[in-house]
Amino acid sequence: MLFNSYAFIFVFLPTVLIGFYLIGRWSNNRLALVWLISASLFFYGWWNHVYLSLLLFSVLFNYSVGISLGNTSGRKLLSKTILVFGVTVNLAVLGYFKYANFFVDNLNALSGNNFILSQVILPLAISFFTLQQIAFLIDRHEGLTKEENLLDYTIFVIFFPQLIAGPIVHHKEMIPQFLDNAIHKTCSKNLAIGITIFALGLFKKVVLADGISVYASPVFDAAEAGVMLTFFEAWIGTLAYTFQLYFDFSGYSDMAIGLGLLFGFVLPLNFNNPYNATSMIDYWKRWHITMTRFFMTYIYYP
């Protein structure tokens, strides 16, 4: 289910939003979060319900590893061993789904063999929810987070506005918001800002990105088919794709933040005019900001 689809805008989103506030007002914050978790699972399963089990396994596995890390009581070697185990399992699952076909195809090409591997379909959002949970495990090992209950951890991972393509949120950014008992109280300011940001993102995606794609796709299709392109055709296709990609991700990032605000949650900025960057380093600080933050914090600096 895409953010710009009729089913999402006119059925799913109003139903989930109204239910969230009504349940929170008439019952309590915890039940409202259960409703939001159920909606997020439905949202993910709309694409392919088969991979719901993978998402749930990832959540339960990493939550259990986090609990184990919290029970090491200063035993650094044990904590590090558990951390390595948790990160290894996460990367193994991610690597299998993303690269199994790639390695088998290249092995066959190099060796002349014909190893057969049933086609592995890449699960939606597996990179994002895997990296997000790896960050949680590392922070837990470093003592920067504490265990919350399974309900809070689950919504932290699968909250649908940020599930599909980010932003990659930190545990410390979201859990305090989920614990706030006032989140279910309707805030006209959040609703107004959220709708505005979502609408701007929707315009970028539907009008600009999709509108520009009609100039990019035919050029790339022609090149793939071996058609000789003229100088101007090649440049038109290249520039069109450049702006299509820009407005597509910018629009999605805006829609994710707007959706978060509709439910009273503030998601981190994930896109900030990258084509205005003055260097390659500055560029990656502006494009998919939270992904860059992840690699800087958990790979580059260590």
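Predicted model: local features only at pLDDT ≥ 70, side-chain atom pairs only at ≥ 80, totals over all residues.

Trainee: What kind of peptide bond joins Gly166 and Pro167?

Mentor: A cis one, with omega at about 5°. As a rule, most peptide bonds are trans, and most residues other than glycine have a negative phi.

Trainee: Is Ala125 buried or exposed?

Mentor: Buried, because its relative accessibility is 8% and the cut-off for buried is under 20%.

Trainee: And what about Asn273, where is that?

Mentor: Asn273 is in the loop between helix H10 (231-262) and helix H11 (280-284). Its phi is positive too, near 45°. Asn273 is partly exposed, with a relative accessible area of 36%.

Trainee: Staying around there, how far does H10 reach?

Mentor: From first C-alpha to last, H10 covers 47 Å with its 32 residues, close to the 46 Å expected at 1.5 Å a residue. Just after H10 comes Gly264, with a positive phi of about 90°.

Trainee: Over to H11. Which residues does Asp282 touch?

Mentor: Leaving out residues up to four places away in sequence, Asp282 touches Asn276 and Ala277. Asp282 lies in H11 and is buried, at 18% relative accessible area.

Trainee: Switching topic: how many cavities of 30 Å³ or more are there?

Mentor: Two. The largest cavity holds about 70 Å³ of space.

Trainee: Which helix gives the most to the lining of the largest cavity?

Mentor: H3, with five residues. Helix H3 (52-70), H4 and H5 each supply at least two residues of that lining.

Trainee: Can you name some of the lining residues, and what classes are in the lining?

Mentor: Among them are Leu54, Phe57, Phe61, Val89, Ile126 and Phe129, along with Ser58, Asn62, Asn90 and Thr130. By class, the lining of the largest cavity has seven nonpolar and four polar residues, with no charged ones.

Trainee: Next up, H6. How many of its nine residues are buried?

Mentor: Eight, so helix H6 (residues 150-158) is mostly covered. The buried residues include Asp152, Tyr153, Thr154 and Phe156.

Trainee: What covers the buried residues of H6?

Mentor: The cover includes helix H2 (29-45), H3, H5, H7 and H8.

Trainee: And what does the side chain of Asn149 do at the start of H6?

Mentor: A side-chain oxygen of Asn149 comes to within 3.1 Å of the backbone nitrogen of Leu151. Leu151 is one of the buried residues of H6.

Trainee: Last one, since H2 came up. Is Asn29 buried or exposed?

Mentor: Asn29 is in H2 and counts as buried, at 3% relative accessibility.

Methods
Residues numbered from 1 in each chain as written. Heavy atoms only, no water. Buried < 20%, exposed > 50% of the residue type's maximum accessible area, 1.4 Å probe, protein only. Helix = DSSP H or I, 4+ residues; strand = E, 2+ residues; numbered from the N terminus. Contact = heavy atoms within 4.5 Å. 1 Å grid on protein atoms, 1.4 Å probe; cavity = no way out; pocket = protein on both sides within 12 Å on 5 of 7 lines; lining within 4 Å. Points joined across faces, edges and corners; volume = space filled by probe spheres on them. Nonpolar A, V, L, I, M, F, W, Y, C, P; charged D, E, K, R; others polar. Expected span 1.5 Å × (residues − 1). Polar contact = N/O pair within 3.5 Å; in protein donor to acceptor, adjacent residues only side chain to side chain.
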